[in-house]
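Subject: Structure handover

Dear colleague,

Here is the structure I said I would pass on. My notes on it follow below.

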Amino acid sequence: MSPLSEQDIEAKLLRFPDWEYYDNALHAEFEFENFKDCFSAMSRIAFECEALNHHPNWSNVYNVLTISLSTHDAGGVTNKDFQLAEAIESIVEPEE
């Protein structure tokens, strides 16, 4: 799988307002009401990651989940990252 061009990435990001592209990866941060809700979302995301065989770099501090997506084998962002971002979006509902 080949990495997408920066122009393609920026065009695809129009569908993902919670995500940004920098440091050769897609990045998002989601805030939940509490730790339990955050961890629950992480567990559901983990099943999607396994199904896609694609795993994020992520961290959790109390009620905040920070995610970074990049296809390491391809050396950049690919369609696989956008597939996972779409799955993540269907799971999390960030607080406004």
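The model is predicted, so to speak of local features a pLDDT of at least 70 is needed, and side-chain atom pairs count only at pLDDT 80 or more, while totals for chains, interfaces and linings use all residues. Residues are numbered from 1 along each chain as its sequence is written, and side-chain values use heavy atoms, with hydrogens and water left out.

T71 sits in the loop between β4 (64–69) and α3 (79–91). Helices (H or I, at least four residues) and strands (E, at least two) are DSSP runs, numbered from the N terminus. T71 counts as buried because its relative accessibility is 8%; buried means under 20% relative accessible area, exposed over 50%, and partly exposed in between (1.4 Å probe, protein chains only). Two polar contacts involve the T71 side chain: one of 2.6 Å to the side chain of T78, and one of 2.7 Å to the side chain of D81. A polar contact is a pair of N or O atoms within 3.5 Å; within protein, one must be able to donate a hydrogen and the other to accept it, and residues adjacent in sequence count only if both atoms are side-chain atoms.

E33 is in another setting. This residue lies in the loop between β2 (25–31) and α2 (35–52), and it counts as exposed because its relative accessibility is 61%.

Now the whole chain. The protein has three helices and four strands, in the order α-β-β-α-β-β-α. Its radius of gyration is 13 Å, close to the 12 Å that the globule rule gives for 96 residues, so the protein is as compact as a globular protein of that length. That radius is taken over C-alpha atoms, and the rule is 2.2 Å times the number of residues to the power 0.38. Of the 96 residues, 40% count as buried. Among contacts with a separation of 6 or more, 64% come from residues 24 or more positions apart.

Lastly, charge: there are 5 positive and 19 negative side chains, and the centres of the two sets lie 8 Å apart. Lys and Arg count as positive and Asp and Glu as negative, with His and the chain ends not counted; each charge is placed at NZ of Lys, CZ of Arg, CG of Asp or CD of Glu.

Regards

Definitions and conventions
Contact = heavy atoms within 4.5 Å.
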